[in-house]
Amino acid sequence: MKVQKILLSVMAIALAASMSAQVNEMKVKVSKPGAEIQPTMYGIFIEDINFAADGGLYAELVKNRSFEFPNNRLQGWTVGGKLEVMNDGPFERNPHYVRLYYPGHPHKHTGMENDGFFGIGLKKGEQYRFSVWARTPQGGEGRLGVEFIDKASMAEVQASAYAQIVVDSKEWKKYEVVLTSTVTDPKATLRIFLEGAVTVDVEHVSLFPVDTWKGHKNGLRKDLAQALYDLEPGLFRFPGGCIVEGTDLDTRYNWKNSVGPVENRPLNENRWQHTFKHRYYPDYFQSYGLGFYEYFLLSEEIGAEPLPVLSCGLACQFQNETQDAHVPVCDLDSYIQDALDLIEFANGDVNTEWGKLRAEMGHPEPFNLKFIGIGNEQWGPEYPEHLEPFIAAIRKAYPDIKIVGSSGPNSEGDQFDFLWPEMKRLGADLVDEHFYRPEKWFLAQGARYDNYDRKGPKVFAGEYACHGDGKKWNHFEASLLEAAFMTTIERNADIVHMATYAPLFAHIEGWQWRPDLIWFDNLRSMKSCSWYVQRLYTQYQGTNALKLTNMEGQNVTGAEGQNGLFASSVYDADKNQVYIKIINVSDTAQPVKINFEGLKKKETLKGVEAVSYHSDDLDADNTLDEPEKIVPQTSALDFDGKALEVTVAPKTFMVYVLQK
Ligand code: AHR
């Protein structure tokens, strides 16, 4: 009995050893670069959700700067003394302003405070540009005191910076002063006092860090724009998402309201203020301060092709079940004109109406727009009916612009199956697919694009993220499955031309949707594990797909019998390098042998580096306190030969870099 037991356990050990030693053999055709990897392949998508723009990337620190929040013109402001909201201001589309009166007694004060977006983030020694449009309606010389204060301070004086503005005209004028913060405070308050007895009117009260991205006035938060730049995205989709459609047509994103002088861009309701009752933000509006000009400029500065998306005349179909919520096809002219005008704004000669505006805003050179999306997550026969006249008009006026249509909100199913052939019939150049899906979906999608119709439109995987089952937040394992899924994008570069993770940004105190690519508070930001996965794909993007299969000629897609491995490979013609990406989603280390095929007799590949992305804690992610807790590790790859033998650790994303 004892002997039998020993024998059995010896056999079990031997079996385990032989099983764990089972080598996953693959081959890569390194001599034959395949489909071109489009420069637009890995991009970003920004929508003003989670306070991504107002309160986030857009560096304005004052909330409700124009006193236009509709339910309460003073929302976001705490006021005292004697003042009044007026509505005949200098900016016709933002007519409200505040009149500050002498309170009637020298020991009383009229003042107003703004807490910005979850507080105003100040850094010690940094400069902040305060500006205000003001006048003294009854004449005389008015005075405004401007302070940064810390309401929680136990110091005698709450203010950490002070400046005075002298308002010297009965006419509206812009006044500016730069204050230097003497403290670091993530939750400071801006306070304005009327000083003296002369009545002063104030409008468009604004505060920006001087040190914005590229130093632009009306600029962007530097660390957040830098995180986009660091990703080296090839594509930049904007402004939505559902925001394009609006909860109703009145609140759809109207790009024409987002250009021209910033003081006169009308406010829009942000649909994410009320979309989720369990994450309700009644003070979430779109100032349009980060509008289409700023978007095109940022795209240029980070080297990404812009992909604007416009309304097709259908309001959000999730929230509107009746046809009267939408524009009838026969009334689409102004919507179609909006699309044509946007292309003119981006590319038109400075003598055209919209090209002239672009030049006046500071960019006489065209932005060289190549793509436009019409509609977001639309569905049903009404979508192709609406899209068709847009396609006809855009093709006629701008035959070179590529048009992106939609396959609806789902990654498969009836609507999806209906829309793909419809997009093909209408001749859309690309079709936008969205999938926020759980682990098991990502695990099953390693071959998603392997059998797609090669004669139809190209694919734009426009919104995707792994939403863990019961773990709908950022964590390493979700990013690992995104990495695994992305092998099917890379392998099928002949038809997949664009892919953008979503959403992009989230304020830790103001989010409606997670996971997200980049998180921030008022002073800090962190790149999630998903960001690092995206970055590994852009860093090792290559120029051409290479054929990588197992020895039986099957793609390595995590299929049954493939031991939880997903793999793809690309060639970089500029560096003459081969990149191999292998993701091991299993719990066991996997020995892998990669045979390089097509090399000449004496030719070998030489190892350059191996990059490993792994976290022992699969539920962890980077945090604002530890932003670099989980980052890729690079080591030298000591290799010279025709077959690379490696072991890929469990739950790990590996990139192997080889020189030809
Ligand atoms: O990314 C968040 C939302 O998800 C987008 O606005 C919409 O397109 C999708 O439903």
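This is a predicted model: local features need pLDDT of at least 70, side-chain atom pairs count only at pLDDT 80 or more; totals for chains, interfaces and linings use all residues.

Residues are numbered from 1 along each chain as its sequence is written, and side-chain values use heavy atoms, with hydrogens and water left out.

**Stop 1: the domains.** Colour domain 1 (20–37 + 544–659), domain 2 (42–59 + 213–526) and domain 3 (77–209) separately; the bounds come from an automatic or database domain assignment. Now show domains 1 and 2: their centres, taken over C-alpha atoms, sit 32 Å apart. Domain 1 puts 33 residues into the contact and domain 2 puts in 26, contact meaning heavy atoms within 4.5 Å. About 2300 Å² is buried between domain 1 and domain 2, with 65% of that from carbon and sulfur atoms; buried area is the accessible area (1.4 Å probe) that two parts lose on being put together, summed over both.

How many salt bridges does the rule find across this interface of domain 1 and domain 2? Four, each being a side-chain nitrogen of Lys or Arg within 4 Å of a carboxyl oxygen of Asp or Glu. Next, select Glu 477 and Lys 651: they form a salt bridge whose closest N and O atoms are 3.0 Å apart.

**Stop 2: a helix pair.** Pick α2 (residues 222–231) and α11 (residues 529–539), whose axes come within 9 Å and cross at roughly 40°. That angle makes α2 oblique to α11, as angles under 35 degrees count as roughly parallel, over 145 as roughly antiparallel, 65 to 115 as roughly perpendicular and the rest as oblique. Axes are lines fitted to C-alpha atoms, for helices over the stretch in contact, with angles from 0 to 180 degrees between N-to-C directions. Helices (H or I, at least four residues) and strands (E, at least two) are DSSP runs, numbered from the N terminus.

Stop 3: Most residues other than glycine have a negative phi, and most peptide bonds are trans. Zoom to Gly 240 and Gly 241: the peptide bond between them is cis, with omega near 15°. Gly 241 is in the loop between β14 (235–238) and α3 (242–245). Another cis bond runs from Arg 514 to Pro 515, with omega near 5°. Finish at Phe 118, where phi is positive, near 60°, in the loop between β6 (111–114) and β7 (120–122).
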